[in-house]
Amino acid sequence: MAIAIPAIYRSTVGKKAVMAVTGGILVLYLVAHMVGNLKIFYGAEDFNHYAHWLRTMGEPAVPYRTVLTLIEVVLVVAIVLHMWSAVSLARRASAARPVKYRSKRKSHAQGYATRTMRYGGVIIAFYVVWHLLDLTFFVVNPLGADDTPYQRMVADFDPSRWYITVWYVVALLLVGLHLHHGIWSAFQTLGLRGPRSDRLLRGLAGTVAALVTLGFIAVPVSITFGWVS
Ligand code: HEM
């Protein structure tokens, strides 16, 4: 049975709106996640307490892990819709221009930002899978489920595992570039950009992307350099 997809979603504008709204949800999650991770600088007790709170949020009004599960469902739906719209917009762009350009100069659709978003997005998707296997399911973490979240994090970015830190930092820089261009494009899609607001919105996109990236990078780097142990 075919799934009925609303006409608005089938339009290019509809897909871009879905990208902007789901991207916005993911940015909010990343800001909250980055701020939460910084608790590592308060020490083991605070960080583990925070990790425990993530699961007990809303108790006793709702059972253990209810709010976290709801957040996870929203995240999965947002990620799937974000990637689905991206793929279908990319297909549409190439279908609109089936004959390759003869000129070496790239069109906008093949330009730097588009390629960074596409390939960056694919690497970020791989990173998220690795990251879940690492710190959510502990498959690639040197410690297992019996240890505390703090210990798992410190063991993960131990100086002897500097290459894991490098992999995280590279992925996080790509997340930063993706956020920068993504937030900026979302402003365009949502019709917020104009001659007067351009500078302000560009500054806002750059600042959010830089803060999120630096905040995330601070954690693995501090552990590898021994500032957190
Ligand atoms: C240095 C950077 C990062 C560190 C140290 C880190 C750390 C963690 C930790 C410790 C958890 C497990 C939380 C828990 O269940 O107690 C987690 C979960 C998660 N992280 Fe990260 N994270 C980082 C960056 C990112 C980035 C950039 C993304 C997305 C692009 C991301 C997406 C997720 C997701 C989706 C989960 C699962 C959430 C859940 O199901 O509860 N993380 N992260």
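Of the 22 residues around the ligand, which come nearest?

1. The model is a predicted one, and in it the residues that come nearest to the ligand, among the 22 around it, are Ala51, Glu72, Leu135, Phe216 and Val219. The elements that give two or more residues to this shell are α2 (12-37), α3 (44-56), α4 (66-95), α5 (112-135), α6 (149-156), α7 (162-189) and α8 (198-224). The most is given by α5, which supplies five residues to the shell around the ligand. By class, the shell around the ligand has 17 nonpolar residues, four polar and one charged.

2. The C-alpha trace of the protein chain spans about 55 × 45 × 40 Å along its principal axes.3. On the side of α5 the contact is made by Ala113, Thr116, Met117, Gly120, Gly121, Ile123, Ile124 and Tyr127, and on the side of α7 by Ala171, Leu174, Val175, Leu177, His178 and His181. The residues of this contact of α5 with α7 comprise nine nonpolar, five polar and no charged.

3. For α2 and α4, the axes come within 9 Å and cross at roughly 145°, in a crossing that is left-handed. From α2 the residues Thr12, Lys15, Lys16, Val18, Met19, Thr22, Gly23, Ile25, Leu26 and Tyr29 take part, and they meet Val74, Leu75, Ala78, Leu81, His82, Ser85, Ala86, Ser88, Leu89 and Arg92 in α4. The contact of α2 with α4 divides by class into eleven nonpolar, six polar and three charged residues.

4. How are α7 and α8 arranged, and at what angle do they pack? Their axes lie 8 Å apart and the angle is about 170°, and α7 and α8 are therefore roughly antiparallel to each other. The crossing of α7 and α8 is right-handed, and their contact has 20 nonpolar, six polar and one charged residues.

5. The region that begins with α3 contains several backbone details to check by eye. The helix α3 itself has 13 residues and reaches 18 Å from its first C-alpha to its last, which is close to the 18 Å expected at 1.5 Å a residue. Glycine 58, which follows α3, has a positive phi, near 85°.

6. The peptide bond from glutamate 59 to proline 60 is cis, with omega near 0°, and arginine 65 has a positive phi of about 70° although it is not a glycine. As background, most residues other than glycine have a negative phi, and most peptide bonds are trans.

Definitions and conventions
Residues numbered from 1 in each chain as written. Predicted model: local features only at pLDDT ≥ 70, side-chain atom pairs only at ≥ 80, totals over all residues. Near = placed C-beta within 6 Å. Helix = DSSP H or I, 4+ residues; strand = E, 2+ residues; numbered from the N terminus. Nonpolar A, V, L, I, M, F, W, Y, C, P; charged D, E, K, R; others polar. Contact = placed C-beta atoms within 7 Å. Expected span 1.5 Å × (residues − 1). Axes fitted to C-alpha atoms, helices over the stretch in contact; angles between N-to-C directions. Left-handed = near helix turned anticlockwise from the far one by under 90°. Parallel < 35°, antiparallel > 145°, perpendicular 65-115°, else oblique.
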